[in-house]
Amino acid sequence: MISKAQFDKEIELVISNAIREDVGDGDHSSLACIPASAQGKAKLLVKDKGVIAGVEFAKLVFSYVDANMKVETLIEDGQKVKHGDIVFYVEGASQSILKAERLVLNAMQRMSAIATKTREFVDLLEGTGTKILDTRKTTPGIRALEKWAVKIGGGENHRFALYDMIMLKDNHIDFAGGVSKAINLTKQYLKDTNRDLKIIVEARNLEEIKEILDCGGVYRILIDNFNYEDTRKAVKLIGDQCLTESSGGINEHTLRKYAECGVDYISSGALTHSVHNKDLSLKAV
């Protein structure tokens with residue numbers, strides 16, 4: 001993953017772009033009927049159940065819109081919530097609360113859905129020693145929020161983007177002319193460009209795993225679309241030479257069975273691309 005400073009910058013960009021998109025030259029609904037001097041208070045109301053996520057993000061949004069707004073937090077990120085719970089109160093200029101409302105809700109509803117699904121997967125893996133990873137199958141423009149939500153749910157982040165880790169998948173291997181050639185060219189590229197990036201290589205069968213191991217210098221092998229029996233064979237073959245990761249359509253029904261094969265990680269795009277937003281409201285009080 002990227003550094004904290006880079007991640008914080010991504011969050012800043014998400015907020016600034018979202019406010020630009022939503023507010024434009026002004027929230028004219030509020031400007032038309034609410035005095036600039038009016039003060040208000042609102043509560044974040046839960047109308048669903050799951051794991052709440054985005055509380056700290058909401059604070060950043062409120063601060064960006066109006067540094068004078070104050071937030072009283074009742075439920076922290078990562079805690080389970082139920083219908084009727086109040087997550088926080090926000091107090092300040094009424095116009096400012098309304099300007100921030102939609103971004104806060106859109107983000108928290110999606111982040112909470114992702115955190116909830118991630119927690120379900122983490123619970124299914126309990127006792128196995130296998131960790132759940134996200135992927136790059138995220139919503140364009142808000143990847144930082146979705147990966148943040150995975151962490152809140154108890155999962156781990158895979159690479160953030162194309163630039164912070166090398167990941168040689170089937171197309172890279174085929175275009176390069178084979179597994180060994182792709183790996184050797186990658187090592188030379190890293191040397192020539194003086195980059196220190198970890199290398200993950202996807203294997204489509206046991207023969208490719210043997211070839212990857214012969215090349216050496218790989219951080220993790222992606223055991224992609226293997227059945228249970230071959231996954232166990234792959235894990236035994238790899239041993240402690242590098243880390244292992246299973247992927248390829250793994251869901252809540254097959255997750256634990258793959259973990260029991262002994263892999264270090266399981267990656268799932270479903271954490272971010274197949275969730276239904278949680279129902280949250282920001283209500284004036």
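## Salt bridges

A salt bridge is a side-chain nitrogen of Lys or Arg within 4 Å of a carboxyl oxygen of Asp or Glu. The structure is a predicted model, in which local features need pLDDT of at least 70 and side-chain atom pairs count only at pLDDT 80 or more, while totals for chains, interfaces and linings use all residues. Residues are numbered from 1 along each chain as its sequence is written, and side-chain values use heavy atoms, with hydrogens and water left out. By the salt-bridge rule the count comes to 12.

K147 lies in helix α5 (residues 143-152) and D134 in the loop between β6 (131-133) and α5, so the pair ties together parts that are 13 residues apart in sequence. Helices (H or I, at least four residues) and strands (E, at least two) are DSSP runs, numbered from the N terminus. K147 has 0% relative accessibility and counts as buried; D134, also at 0%, counts as buried. Here buried means under 20% relative accessible area, exposed means over 50%, and partly exposed lies in between (1.4 Å probe, protein chains only).

The side chains of D174 and R204 meet in a salt bridge of 3.1 Å, N to O. D174 belongs to helix α6 (residues 170-176) and R204 to the loop between β8 (199-203) and α8 (206-215), so this pair ties together parts that are 30 residues apart in sequence. D174 is partly exposed at 47% relative accessibility, and R204 is partly exposed at 34%. A network of salt bridges links D174, R204 and E208.

Within helix α8, E207 and K210 are three residues apart, separated by about one helical turn. Their side chains meet in a salt bridge of 3.4 Å, N to O. E207 is exposed, with a relative accessible area of 52%, whereas K210 counts as partly exposed at 37% relative accessibility.

## Annotated domains

An unreviewed UniProt entry carries the annotation "domain: Quinolinate phosphoribosyl transferase N-terminal" over residues 28-112. UniProt positions are given in the numbering used here, feature names are shortened, and annotations may be inferred rather than shown by experiment. Over residues 28-112 the chain is 42% helix and 28% strand, with the end C-alpha atoms 30 Å apart.

The annotation "domain: Quinolinate phosphoribosyl transferase C-terminal", also from an unreviewed UniProt entry, covers residues 114-283. Over residues 114-283 the chain is 43% helix and 16% strand, and the end C-alpha atoms are 23 Å apart.

## The six-stranded sheet

Six strands form an open sheet with parallel pairing, in the order β6-β11-β10-β9-β8-β7. Two strands pair if DSSP finds at least two bridges between them. The edge strands are β6 and β7 (166-168), each of which pairs on one side only. Neighbouring strands of this sheet are turned by 25 degrees against each other on average, direction ignored. Axes are lines fitted to C-alpha atoms, for helices over the stretch in contact, and angles run from 0 to 180 degrees between N-to-C directions.

Within the sheet, strand β10 (residues 243-247) and strand β11 (residues 265-267) pair in the parallel sense over two bridges. E245 stands opposite Y265 in β11. Helix α7 (residues 179-193) packs on the sheet and touches β7 and β8; the direction of α7 makes about 165 degrees with that of β7. Contact means heavy atoms within 4.5 Å.

## Cysteines

The structure holds zero disulfides, a disulfide being a pair of cysteine sulfur atoms within 2.5 Å. C242 is in no disulfide, and the nearest cysteine sulfur, that of C215, is 12 Å away. C242 is buried, with a relative accessible area of 10%. For C261, the closest cysteine sulfur is in C242 at 16 Å, too far for a bond. C261 is also buried, with a relative accessible area of 7%.

## The whole chain

The protein chain contains 11 helices and 12 strands. Along its principal axes, the C-alpha trace spans about 70 × 40 × 25 Å. Of the 285 residues of the chain, 49% count as buried. Among contacts between residues at least 6 apart in sequence, 70% join residues at least 24 apart.
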